Amino acid sequence: MTYLKVSSIDMIPPESVKSFRIDGKEVMVINNKGKLFCLQARCTHAGAPLAEGRIEDDILTCPWHGSKFRITDGEVINGPAKKGLQVYKNIIKDDFLYIEL
Amino acid sequence: MVGNGSLAIALDSSLRIRDLFYPRVGLENHVGGHKFLLGVWIDKLFRWIDDDWKISSNYLPETLVSRCIASNPNLKIELEINDAVYSFLDIYLRKVVVRNNDSQNHEIRVFFSHDFHLYGEDAGDTAFYEPIIKAVIHYKRNRYFLVNGETEQNDGFYEFATGQKESFGREGTWRDAEDGILSGNLIAQGSVDSTVSFRLRMNANSEHTIYYWIACGKTLEKVKELNFFVKKTGLEQLLLETENYWSAWINKEGVDLNILPKDIRRLVKTSLLVMRTHVDSRGGIIASCDSDVLQFNRDTYSYVWPRDGAICAMAFDALGFQEVSRLFFGFCNRVITDEGYFRHKYWSNGSTGSSWHELLGTDGKQQLPIQLDETALVLIALWNHFQKYQDLEFISKVYPRLVVKATEFMLDYRDERTGLPKPTFDVWEERAGIFSSTAAMVCSALSCAAKFAQVFYDSERQKYLNEVVSQMKKAIITHLYDDKLKRFIKAIYPDNSRDTTIDSSLLMATIYGIFNPPNKAMKETAEAVINHLWLRQGIGGLSRYENDKYHRVSERFQGNPWPVCTMWLGRWYCRTAQSLEELNKALDILRWSAGISLPSGLLAEQLNPFDGKPISVSPLIWSHAEFVMTANEYLDSYRRLRYVERN
């Protein structure tokens, strides 16, 4: 596994969600109260763009059909999605975010 | 707006279908502004969904699938509605989740009425009930529309009615619905409508789903086949496929929008999707599907203006949707006249659209009823397209007509004395004259033609065209720049009178014209435009020109703010910013645009200067295209300036 550069961290200010295409995969980066979480960007139910969803506390709600996921570990809290989100390890180096793919 | 390139449907703020174009976007409107009502009957109380309801309309993010909520606290009922046109076949899909928010059980009936005017006419239609497939079908000549649906429990219609309307004192079957019961009349011909109902027996605080669809085809067999397909596949699955199709379409690898704030990023994507619904499968891009303006002049914006289409094509190209712009250039290649110019506007099948441009000028002399900037802009858009995609094989197919013929026409259509283009109508379609903005765009188009000549190693032609460009540029400054006013004037008319009105279209001389990068004369002109046309009160934004009376709301302002003109100013700021701080002015314009868009993301032609409510058509595709172009220019400028400031 290798770490791939995603973005400079100033592109992901607190309380923002951005999605990036890294090595053919869509990855979502969430800055929740200053902490970065990197997860797969598409809902496991029907492929909705999760970066357009709503985040309350650490729960992300899918913008299409309302599935709820915990952003810390990608687990499904509420359906219709049955499968959790892939979570990617990340590091920050020289003000850039890298994720392990 | 929902659509797939051959079926396009516009709904209003009360969730009623108002326009249905099939099989060509912008050509045959089978509803024509009439209303397909949606109503609810609950315990003998009937309500059409209208102003009494609290209604929100939006799209599911990154799709052309709607999410609308209509709630009525008095009835303690809520409807959540998804509308879509299936991406791959001509079927309108509607999913209605009905929520009984009361603590008591209720029988609820939901009504859908259909006020078709097939081929845009009310006479000669038939509506009938088909007992084998239990559907209602409207038809005339080669157009068939099959209405069907089912509830979650696989029940079809509860009741139905077909009947006559708009004649002999008959209002239509929608009136029959208001007692909660439909007559069951099996067939009606002439000027007809139909209404169907679904019955739900709902427990307290529960929800049920209705699936409803309209299959569109040219034969009875075709619509029956589509109906079978929906029943077999399930409407839920078709909605999912449509959501995924558009999400994949909008997220193709192209421009990284992450620099933009979320609301602007979202509006860029919505704009591209809404623009896509206005593109006919054979390339015509219509200005607007909204037929609300029909009531003013018995005509619509459902035409292809080469100007609007060219700017849309530039926006599609800028964000990587080259296949859509190529479709448009193919359309242009088919419709350009043998003489090498575009007419005022076209139907989406390429036939000439209606026009108000006279063939005789105020001086009694013959004039061409065209707007020459439309020809120029298509050539400019084609060059932009080629610069980005280098698709020489495609260009070679359209080069003889779209480039050579158009160029020859623009060369011929010059005043020998001044070297300027001869009079044509302006971008606002109001008067014939020699307009600074048109002249600058023609000059820019000839410059693009010179670059095309270079691509094809025609060095003599390239040299000649560059000479003409140089002469025309000088002529524009000589004749259309006013030394005393220190800015470009709007126009010179055939009687040699000079129009010094300050007009925002002068910014087009930089945005699309030859004065890019802007020179001193352009900077002075832009300053005058900003000083005189920016609304310092009300919602802000830029008016078209001084004393603009078109739909004018208040004389306190020079005119209503137009998103198109405001976006030109945003693009002006992008081109002239020398620092990231200066570039913030362009970001402010983008934020303003996001602020004045409807909750669904639609941008109107113009706005009420006091409250920002849309005036005239909404959406106007030109507004969306200029917004996309502004966002794209902002991104380019941001990257350039950030690089400069970091190094």
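In the predicted model, B:Lys76 lies in the loop of chain B that runs between β7 (66-72) and β8 (77-85). The backbone of B:Lys76 has a phi near 55°, which is a positive value in a residue other than glycine. With a relative accessibility of 41%, B:Lys76 counts as partly exposed, because that class covers the values between the limit for buried residues, under 20%, and the limit for exposed residues, over 50%. A positive phi is also found at B:Gln390, where the angle is near 50° and the residue is, again, other than glycine. B:Gln390 has its place in the loop that links two helices of chain B, α8 (372-389) and α9 (392-412).

Cis peptide bonds were examined next. In chain A, such a bond joins A:Gly79 and A:Pro80, with an omega of about 15°, and A:Pro80 is found in the loop between the strands β8 (76-78) and β9 (87-88) of that chain. In chain B, a cis peptide bond joins B:Ser618 and B:Pro619, with an omega of about 5°; here the proline, B:Pro619, belongs to the loop between the strand β25 (614-615) and the helix α16 (621-646).

The contact between the two chains takes 18 residues from chain B and 18 residues from chain A. The area buried between chain B and chain A is about 1,600 Å², and carbon and sulfur atoms give 41% of this area. On the side of chain B, the residues that lose the most area to chain A are B:Pro61, B:Asn258 and B:Lys262, which together account for 29% of what that side buries.

Between chain B and chain A the count is three salt bridges, and one of them is formed by A:Arg42 with B:Glu62, whose closest N and O atoms are 3.6 Å apart. The count of residue pairs in polar contact between the two chains, with both residues at pLDDT 80 or more, is 13. On the side of chain B that touches chain A, the elements that give two or more residues are the helices α3 (235-250) and α4 (262-277) of chain B, and the largest share, four residues, comes from α3(B). When the residues of this side of chain B are sorted by type, they divide into nine charged, five polar and four nonpolar.

Terms used. Residues numbered from 1 in each chain as written. Chains lettered and ligands numbered in written order. Predicted model: local features only at pLDDT ≥ 70, side-chain atom pairs only at ≥ 80, totals over all residues. Heavy atoms only, no water. Contact = heavy atoms within 4.5 Å. Buried area = accessible area lost by both parts, 1.4 Å probe. Salt bridge = Lys/Arg side-chain N within 4 Å of Asp/Glu carboxyl O. Polar contact = N/O pair within 3.5 Å; in protein donor to acceptor, adjacent residues only side chain to side chain. Nonpolar A, V, L, I, M, F, W, Y, C, P; charged D, E, K, R; others polar. Buried < 20%, exposed > 50% of the residue type's maximum accessible area, 1.4 Å probe, protein only.
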